[in-house]
Amino acid sequence: MSQNPPSLRPDLAPRAQLRDAAPRPNQPTIGMVSLGCPKALVDSERILTRLRAEGYAISPDYAGADAVIVNTCGFLDSAKAESLDAIGEALAENGRVIVTGCLGAEPDYITGAHPKVLAVTGPHQYEQVLDAVHKAVPPSPDPFIDLLPASSVSLTPRHYSYLKISEGCNHKCKFCIIPDMRGRLVSRPAHAVLREAERLVDAGVRELLVISQDTSAYGVDLKHAEERGHRAHITDLARDLGSLGTWVRLHYVYPYPHVRELIPLMADGLVLPYLDIPFQHAHPDTLKRMARPAHAERTLDHIAAWRDICPDITLRSTFIVGYPGETEAEFQTLLDWLDEAQLDRVGCFQYENVDGARANALPDHVPDEVKAERWERFMQKAQAISAAKLAAKVGQVMQVIVDEIDEDGIATCRTKADAPEIDGNLFIDDGTEGLAPGDIATVEVDEAGDYDLWGTRADHG
């Protein structure tokens, strides 16, 4: 049992989990390595679902696979290096590797490092991935077993699932190349999102994690059209999802004015009182150099208004320190802003150049040692805020969702304020008999750390 580390990268999805049955004799088998954010994890799930419907078995390791797909991340240079390492490992362990994902938008970069890969495709290019698999490992379906509509392959625990509502992004932040790799905003029709959500809930999912590159902008490209009784607007979609009787958690919500319409839904219990908002910085000059809205004071007003409507709301955000041109005074403004905002959950990146990002050309890049020192100071303040907020929860009774029960009977759970992997946990040390992953239990909090809570079951006689 370990505490949630403050250095956890906020762009990463939970580690992929494969639960496929053992392959039948002579069944072609494909392995999958999924890197990067939850949006990439959903892409991996869709690829594997299609492959399984065509008769392929899915392998959780290299050894039992006829070929391996590596779904890459290209968000930061460090993530690119991690992706190249994973490709190299797959080549060494298996030898037959197909590359897809965000880094696949730079095929020469990949083949320059690993010329022996079988194919390279870009993000959400499902058909091209399937074509590459067919060429490398021809399908051999059993007509009595395969070629039937398959239930979706899930790479997360059975009780929660990511629900991707759109692809791409219309923002032009200077530090980010995601729009170049994944394109402009393309929203899914609301009725299609609802249909997928209903299937997930029917399959036992207890928590839906709504993701996109810009959740607040959902439906803008569709002009918020209504189709089959469902309007493509984030407020309407959140309300519809909340009617399914499961936890609904919203990620990557930009603080547009209409976000205030979501807060009453949280106060009423339709969706979880949790907003994941990427503020990135607080100083107006830094935000302008980032090409982001530079209204830190107005953001504080929004936060105060949200808390007035829903006092239990949890606010998570990510920030960048050491952005080109960031002065000590600008960084101090960020610290002061964080003091006032009192955000519940905080992640932080040290700025990195990324090939193709416009920020690379900005003057006055911050030395690495200064970036590291500012990151330490920022995280110390965030940790102190987190510790104080969690200490105030001691004695409260709250609902938690069980993620895991270890061999000693200790339950790792999450409160409504905790997203999987990126936030903290609540641990129950005893009285966990009868609990299973996915159960929702009522606990009284009796101890708090910097990032995690401990509690005792209040619903256990």
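Predicted model: local features only at pLDDT ≥ 70, side-chain atom pairs only at ≥ 80, totals over all residues.
Is Lys371 buried or exposed? Lys371 is buried, because its relative accessible area is 10%, and buried here means under 20%.

Let me begin with confidence. The average pLDDT over the protein chain is 88, and 91% of the residues reach at least 70. Residues 1–10 have a pLDDT below 50, and in the model this stretch makes 29 contacts beyond near neighbours in sequence. Another stretch, residues 144–150, also stays under 50. For residues 144–150 the model has 13 contacts beyond four places in sequence.

I turn now to the open sheet. Five strands form it in the order E2-E1-E3-E4-E5, with parallel pairing. Strand E2, residues 57–59, and E5 are the edge strands, each pairing on one side only. Between E1 and E2, which run parallel, there are 3 bridges. In that pairing, Ile30 has Ile58 in E2 as its bridge partner. Helix H1 packs on the sheet and touches E1, E2, E3 and E4. The direction of H1 makes about 175 degrees with that of E1. Helix H2, residues 77–93, packs on the sheet as well, touching E1, E3 and E4. For H2 the angle is about 175 degrees with the direction of E3.

Helix H4 belongs in this part of the account. H4 spans residues 126–136, and its buried residues are Val129, Leu130, Ala132, Val133 and Ala136. Viewed down the axis of H4, these buried residues fall within an arc of 160 degrees, so they line one face of the helix. Which elements are included in what covers the buried residues of H4? The cover includes strand E1 (29–34), helix H1 (38–53), strand E3 (67–72), strand E4 (97–101) and strand E5 (119–120).

The next topic is the barrel. Here 5 strands close in the order E16-E17-E18-E20-E19, and the pairing is mixed. From one strand to the next, the twist averages 50 degrees. Strand E16, residues 397–405, and strand E17, residues 411–415, run antiparallel and are joined by 5 bridges. Ile401 stands opposite Arg414 in E17. Thr412 is also found in strand E17. Thr412 counts as buried because its relative accessibility is 17%, against the limit of 20%. Leaving aside residues up to four places away in sequence, Thr412 touches Ile401, Val402, Asp403 and Glu404, together with Asn425, Leu426 and Phe427.

I come next to the salt bridges, of which the count is 20. Lys371 and Asp368 meet through their side chains in one of these, at 3.2 Å from N to O. Both residues lie in helix H12, residues 368–391, and they are 3 residues apart, about one turn of the helix.

Lys164 forms a salt bridge with Glu167, with the closest N and O atoms 2.8 Å apart. Lys164 and Glu167 are both buried. Arg231 forms a salt bridge with Asp236, where the closest N and O atoms are 2.7 Å apart. In that pair, Arg231 counts as partly exposed at 31% relative accessibility, while Asp236 counts as buried at 19%. There is also a network of salt bridges, which links Glu326, Glu328, Glu373, Arg374 and Arg377.

Finally, I draw your attention to backbone geometry at two loop positions. Gln280 has a phi near 75 degrees, a positive value in a residue other than glycine. Gln280 lies in the loop between strand E13 (274–276) and helix H9 (284–290), and it is buried, with a relative accessible area of 9%. At Ala291 phi is near 65 degrees, again a positive value in a residue other than glycine. Ala291 is found in the loop between H9 and helix H10 (296–309). With a relative accessible area of 36%, Ala291 is partly exposed.

That concludes the presentation.

Key
Residues numbered from 1 in each chain as written. Heavy atoms only, no water. pLDDT = per-residue confidence, 0-100. Contact = heavy atoms within 4.5 Å. Buried < 20%, exposed > 50% of the residue type's maximum accessible area, 1.4 Å probe, protein only. Helix = DSSP H or I, 4+ residues; strand = E, 2+ residues; numbered from the N terminus. Arc of directions from axis to C-beta. Pairing = 2+ DSSP bridges. Axes fitted to C-alpha atoms, helices over the stretch in contact; angles between N-to-C directions. Salt bridge = Lys/Arg side-chain N within 4 Å of Asp/Glu carboxyl O.
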